Amino acid sequence: MELRLLSRSDSKPLLLFETENQVWFESHINPREAGFYSDDGVKKHIEEFLSQHQRKAMLPMLVIDDNGEIIGRINLTDINLVLSEAYLGYRLGEKFTGRGIAKRAVEQITQLAKELNLQTLIAFASVDNIASQKVLTYNGFVDVKQYANFAEVQGKSINCIEYQKTI
């Protein structure tokens, strides 16, 4: 497993990864816009992410398996170089969970954050998402605050925990 920067050439495999895992993702987080699930939608998405990366506001990475297939995504978003902080988010395809891949991906992106001179990473996990909580605590994130009604997923309000890591 390795992390690789998202590129324009990833549009077709990314669309496949996202459509194969759409139901799985939407059972945990809000759905993407309907237009996302098309060649043009994914190309537009990639362009937006690469534009943010060029402005040093985002680090959009893919999690790639040993066969070169996309098995997940991990991003640093809202990078603030003045405050030396960023938000961490990740998602793995359903058939790749429970193998320690997320733990390794978070460990690797933390190293990349360090190379960007970031000092604090912030992540959120649903109170019901024990797996993500374990990934974050394994990587040294600490629970700093809980939020009631943080988001709505499938019409149901969810509570989340904010985690932070000083690097």
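Contact here means heavy atoms within 4.5 Å. Keep that in mind for serine 11. Leaving aside its neighbours within four places in sequence, serine 11 is in contact with Val42, Lys43 and Ile46.

A quick word on the source. This is a predicted model, where local features need pLDDT of at least 70, side-chain atom pairs count only at pLDDT 80 or more, and totals for chains, interfaces and linings use all residues. Residues are numbered from 1 along each chain as its sequence is written, and side-chain values use heavy atoms, with hydrogens and water left out.

Back to serine 11. It belongs to helix H1, residues 11–20. Helices (H or I, at least four residues) and strands (E, at least two) are DSSP runs, numbered from the N terminus. Serine 11 counts as buried, because its relative accessibility is 10%. Buried means under 20% relative accessible area, exposed over 50%, partly exposed in between (1.4 Å probe, protein chains only).

Now the rings. How many aromatic pairs does a search of the whole structure find? Three. Rings of Phe, Tyr and Trp (its six-membered ring) pair if their centres lie within 6.5 Å; planes under 30 degrees apart are stacked, over 60 edge-to-face, the rest tilted.

One of the pairs is phenylalanine 36 with tyrosine 37, edge-to-face, at 5.0 Å centre to centre and 90° between the planes. Both residues are buried.

Another is tyrosine 87 with phenylalanine 124, stacked, at 6.3 Å and 5°. Tyrosine 87 lies in strand E4 and phenylalanine 124 in strand E5, so this pair ties together parts 37 residues apart in sequence. Tyrosine 87 is partly exposed, at 29%. Tyr87, Phe124 and Tyr147 form one aromatic cluster.
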